[in-house]
Amino acid sequence: MDLYGEAAATFVKTAFADFDSVGVSLKVTSICHFQTAASVLTHRLPHSAKPPSRILTQWGRRMKRKEEIQNDGFTLAELLIVVAIIGVLVAIAIPIFSSQLEKSREATDLANVRSKYAELMAEAITNGGEGAPYQAEVPLKQKQENWQGYDPVVLAGITHYKMDGNTDQWIGVPGPGGSCTITYDATENKVIFNWSGGTGISGRVDATAKDFNAIHRAAQELMRGKTNSQFEIDSKCPGSTLVPGLEGHTSKDNLFRTGTWAYLADPPACQKGENARYFLWTSMDTSKINASGETIPVIVCQRNTNGTDSFYVSTSKTGEREKWINNKKETYYAVSEHKGDADKLAEAFTSEKNATKYESFEEAYKAYQKKVREEYADHQDWIDDELK
């Protein structure tokens, strides 16, 4: 081997040693040295000796490509995983953040109302009660209808639950763009909070009371020609074609679009002129109860043969039902374990020992609310979320 060949061999050997011992920091430097050495050797060696320089240059290029590959960033799969994780965290965080933000708005509204109430009381005391009634209006900041973070709401010694609806001292429901009008009558020592901006329970009760005639007429059409003594329509029945036929005759604010309801009738008894048609409703969601035999409160509307309605507050036991859909058995829970039969329905829902009768749906609903608060305080989780 001539002098130049020995020099090239020695340089390559040294470079390899540098690469193994020093590492990444000298890679580029070593490659540059190889290319420089290759250039020198190519010019000084005879034509027959050029192949070693080309080999040297090719090795340097391969090492450079290897280095570029090793220095690449994240792969597409890694980026997609990171994006997916961020998406899940955002999906969880946004509803929680929105809920807390709305709760802070409600807290601000309540603080403002309490402050304004204190001003009215101070003014009334200063004036010795003269010039009554005293009145002030407080604009609301909340963006959702009704209270989302407070139930009950306590103001000026008044405790009000969302299900209470209108009372002597609490009228209306707060809502977006609404306000609270505070009225204090010193002569009667009475304060009234009048909320605006929302529909609330009171509006739903009124809408429900107006829909009973339409509901009974629709049900009568649906059971026309039925000879079975156990006619039943359950709101929780999956794939039911009868439920839409009944709900389609109710307004969007009707209470029956919440909770659980059932229409029970004994068609043969009805044809004989008996009062055997019952509409049952509860604020409880039987899908949450998910069990049969649980006692729940119900409002019962009995359609009389003269076309009037009688209203009762009673109790019922949930009943398990089954329905086959596409060769698959579906299980659901109805508001009543009874399926029909005039005598059993009357005994369960309208007898004096099991039910209390009221003159109107509004009165029955107020009694129902009281029953839920006093007897079902431990089962608030059963109530439909929309009514909480």
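**Words and cut-offs**

Visitor: Why is Q142 called buried?

Guide: Q142 has 1% relative accessibility. Buried means under 20% relative accessible area, exposed means over 50%, and partly exposed is in between (1.4 Å probe, protein chains only). Since 1% is under 20%, Q142 counts as buried.

Visitor: What kind of model is this?

Guide: It is a predicted model, in which local features need pLDDT of at least 70 and side-chain atom pairs count only at pLDDT 80 or more, while totals for chains, interfaces and linings use all residues. Residues are numbered from 1 along each chain as its sequence is written, and side-chain values use heavy atoms, with hydrogens and water left out.

Visitor: Where does Q142 lie?

Guide: Q142 is in the loop between strand 1 and strand 2 (153-155). Strands are DSSP runs of E with at least two residues, helices are runs of H or I with at least four, and both are numbered from the N terminus.

Visitor: What makes Q142 and N146 a polar contact?

Guide: A polar atom of the Q142 side chain lies 3.4 Å from the backbone oxygen of N146. A polar contact is a pair of N or O atoms within 3.5 Å; within protein, one must be able to donate a hydrogen and the other to accept it, and residues adjacent in sequence count only if both atoms are side-chain atoms. The 3.4 Å distance falls within 3.5 Å.

Visitor: How do you know how many disulfides there are?

Guide: A disulfide is a pair of cysteine sulfur atoms within 2.5 Å. The structure holds zero disulfides. Among the cysteines, C237 has 17% relative accessibility and counts as buried, and C301 is buried at 1%.

**Charged pairs**

Visitor: What makes E119 and K116 a salt bridge?

Guide: Side chains of opposite charge can pair when their charged atoms come close. A salt bridge is a side-chain nitrogen of Lys or Arg within 4 Å of a carboxyl oxygen of Asp or Glu. For E119 and K116 the N to O distance is 3.3 Å, so the pair meets the limit of 4 Å. The two residues are three apart in helix 4, which means that about one helical turn separates them. K116 has a relative accessible area of 27% and is partly exposed; E119 is partly exposed too, at 44%.

Visitor: What does the pair of D285 and K236 tie together?

Guide: The closest N and O atoms of D285 and K236 are 3.1 Å apart, which makes a salt bridge. D285 lies in the loop between strand 9 (277-282) and helix 8 (286-289), and K236 in the loop between strand 7 (231-234) and helix 6 (242-247), so the pair ties together parts that are 49 residues apart in sequence. D285 is buried at 13% relative accessibility, whereas K236 is partly exposed at 25%.

Visitor: Which other charged residues are joined?

Guide: The side chains of D309 and R303 form a salt bridge of 2.7 Å, N to O. R303 is buried, at 11% relative accessibility. E232, D234 and R321 are linked in a network of salt bridges. The whole structure has 11 salt bridges.

**Strands side by side**

Visitor: How do you know that strand 1 and strand 5 pair?

Guide: Two strands pair if DSSP finds at least two bridges between them. Six bridges join strand 1 (residues 134-139) to strand 5, and the two run antiparallel. Q135 stands opposite T183 in strand 5.

Visitor: What is on the other pairing of strand 5?

Guide: Strand 5 also pairs with strand 6 (residues 190-195), antiparallel, over six bridges. C180 stands opposite W195 in strand 6. Four residues lie between the strands in this hairpin, and N189 takes a positive phi near 50 degrees.

Visitor: Why is strand 5 called largely enclosed?

Guide: Five of the seven residues of strand 5 (residues 179-185) are buried, so the rest of the structure largely encloses this strand.

Visitor: How many bridges join strand 10 and strand 11?

Guide: Nine bridges join strand 10 (residues 295-303) to strand 11 (residues 309-317), in the antiparallel sense. The bridge partner of I296 is S316 in strand 11. Five residues lie between these strands in the hairpin, and G307 in the turn has a positive phi of about 90 degrees. Strand 11 also pairs with strand 14 (residues 356-358), antiparallel, over three bridges, with Y312 opposite K357.
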